[in-house]
Amino acid sequence: MLFGAAYYPEYQPYERLERDIALMRDAGIGYVRLGESTWASWEPSDGRFEFAAMDKAIDAFADAGIGVILGTPTYAIPPWLYRAYPEIMVIRAGGAAVPYGGRQNVDITHAAYRFHAERVIRALVGRYAEHPALIGFQVDNEAGLELAHNRATVEHFHDWLRARYGSVEAVNEAWGLTYWSHRLGSWEDLWPPDGNTNPGYALAWRRFQAQLVTEFLAWQAGIVREYARADQFVTHCLAGGHGRPAADRYAIGQVVDIAAENVYHPMQDGLALPAMPGAPPAAPDWADAASGPASLYFQADVGRSASPRGFLVTETNASSIGGAHTVFPAYDGQWRLAAYALIARGASGVGYWHWHTIHFGHEMYWGGILGHDLEPGRCYREVARIGAELRGLDDALTGLTPDADVALLYSVESGWALEFQPPLAVPGTARPDDGAYRRIVDAFYRALFDARRQVSIVHAAAVTAETLAAYRMVVVPSLYVADDALLGRLAAYARAGGHLVVSFRTGYADEHGRARWARAPGPLREAVGASYHEYSALGGPVGVRTPSGSPLAVPPGAQAHGWADGLLLEGAEALAYYDHPHLGRFPVITSHRYGEGRVTYVGTLPDPALGAALARWAATAAGLVTAWPDLPESVRVTGAHTATGQRVWFVSNWSWQPTTIFVPHPVRDLHSAAATPAGAELALGAWDVRLLQHLT
């Protein structure tokens, strides 16, 4: 189990390497991540390398027994490279170049950039690969921020289209270019992406951009592997959650040895269960604060989905995240809760960003383990507690296999398509919400989390009959872009005995983003046992009612949001209807016995109350049981198996209120070694977590 932090000796205001290492050792820090931001320090001018400062740092960490993950510095270029080749900057839609002064702002395909990037990578990795401190390499950092519209990139796109489609006639047909007289007569007729309004073109453009990023990281990984030892890994840290615009998490996971996630989450009251009405989000606006602890678990589960080889958390909250106005340091106990949540869901390493709070630059108020005074305080003390506990539990926690009784299907391509043509408006406005797919996925994940199900996220690109058969229940939020074969595999899963839960927009478009010319939900119509001609946006929330005899217990006040399919029953049972004078004729949720299994269709975006009720019923209908029943709302329990096959439970209280639960199984506390028999009480303090071994 790796436990560490990003460390930047070049950012320190004075020489304190020896002091930092002493504090790290006392805190149980086992590794540091170095160097991903230091190109200008290593190569202060073209071709002149200076590694003395890094030599000193890496040697010191080796002497202290602290491992090093070394980053290639390619995501932030030095000023001399920009001055020599200003044309390497990304051109955004509209023709404006990204100005120098930030990061992740270059055309990653540009020959001059590739030349200089390869040179510094080879100089760096060639120097340190044999160093005993080096445990692994990180290639680049949170790649895929920009969609480059540079002329050469567009030309590469044309080449990619030729290889993918073969002819302009195939493009015309796939994209429907008879519309608005856009039909191509030759490849030269293809217009630049800046002014594009065609959804097929937009989907292909996003696929191409993601492939560029994957190829770029594979290229870097290939260079590193020329030098790396067999015991060293290659990773890349993805921006957590739904990721960067040009990053395909699953594809990137296939070109590195172990994927990594940068997991940032709300803190303070933003982590409370139940949610505290009126509480501030306790996170920047880019963080999914609305989902509370569910956002933390989602990011861990999506990180684990990137590859079967597990994942690292290379960055997570230290004392605060974001800017000077979003300073929300965790309450006592919340660091520990977050660390064990990540580990419970399969993280084989947890790293903080960063060791010390930087005294200058854009991220000056993004807090580290040490504050601007560089003295150990409350954050340091809790990190040290976690470090001490992990040292004692290394054998038990390394190589965990998290429980997962439900699969959630994630489609990055549906996300791209629904960003281009959003089905939802920004709440309270008439503006399209380009984050609609994220909202939909988050709502269904939160529903499962609140129903106390444990989730495995499966990418659409990885779906096989064998993958699906491992789960009694598969949830499919808005699988908008899908070919007939994928939808057929989903239907076959239900026919063979699984419970398939699908939402609105699933099955509506084909693999090219074209609306199907069959009644929705297209190839899933027979399996769903319902169809629809019409659908409506919802300008505000609509209440939900249940018909007599419905097995779905909808709590008072539950609501439908954003969207309503006008479902017509064709063998399915209506579980709930809209409580509305017009929409009330249509079911909100239907369920249909199909072969040996069941298909449940959700025609709206459920609010948390409706989502949790649906998830509880669907899990019961799938034959899933709850290993820890009758828990308080603030308590969550997740399970896993150790590398030696032992079952462990992570029992967490996300609240200020101490609570007591009854233990349904005999357990032993992994920290105190105290045993608790089945049926006995277990006390949990405020923001507390207990690690329990299941005794047989």
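Start with the largest nonpolar core of this predicted model. It has 191 residues, and F61, L70, Y352, W355, L397 and M473 touch the most other members, so select those six to begin. Next, color helix 15 (residues 436–450), which gives this core its largest share, ten residues.

Now zoom in on F61. Leaving out residues up to four places away in sequence, F61 touches Y7, L17, I21, M24, V32, L34, I66 and V68. Show their side chains together with F61.

Another core lies apart from the largest one. This one has 19 residues, including L177, W187, W191 and A204.

Your next stop is N262, in strand 6 (residues 258–263). Is N262 buried or exposed? Its relative accessibility is 2%, and because anything under 20% counts as buried, N262 is buried. Show the side chain of E142 as well: the side chain of N262 makes a polar contact with it at 2.8 Å. The N262 side chain also reaches the backbone nitrogen of E315, at 3.3 Å. Among the other residues that N262 touches are C237, L238, A239, G240, Q299 and T314.

Finish at the second largest pocket, with a volume of about 480 Å³. Select R207, V412, E413, A460 and A461, the closest to its centre of the 25 residues that line this pocket. Then highlight helix 6 (151–165), helix 8 (199–227), helix 9 (249–253), helix 14 (412–420) and helix 17 (484–495), the elements that each give two or more residues to the lining. Coloring the lining of this pocket by class will show 14 nonpolar, four polar and seven charged residues.

Methods:
Residues are numbered from 1 along each chain as its sequence is written. This is a predicted model: local features need pLDDT of at least 70, side-chain atom pairs count only at pLDDT 80 or more; totals for chains, interfaces and linings use all residues. Side-chain values use heavy atoms; hydrogens and water are left out. On a 1 Å grid over the protein atoms alone, a cavity is a set of points where a 1.4 Å probe fits but cannot get out, and a pocket is an open set with protein on both sides within 12 Å along at least five of seven lines; lining residues have an atom within 4 Å of a point. Grid points are joined across faces, edges and corners, and a volume is the space filled by probe spheres set on the points. Helices (H or I, at least four residues) and strands (E, at least two) are DSSP runs, numbered from the N terminus. Ala, Val, Leu, Ile, Met, Phe, Trp, Tyr, Cys and Pro count as nonpolar, Asp, Glu, Lys and Arg as charged, and the others, Gly among them, as polar. Buried means under 20% relative accessible area, exposed over 50%, partly exposed in between (1.4 Å probe, protein chains only). A polar contact is a pair of N or O atoms within 3.5 Å; within protein, one must be able to donate a hydrogen and the other to accept it, and residues adjacent in sequence count only if both atoms are side-chain atoms. Contact means heavy atoms within 4.5 Å. A nonpolar core is a set of buried Ala, Val, Leu, Ile, Met, Phe, Trp, Tyr and Cys residues joined through side-chain atoms within 4.5 Å.
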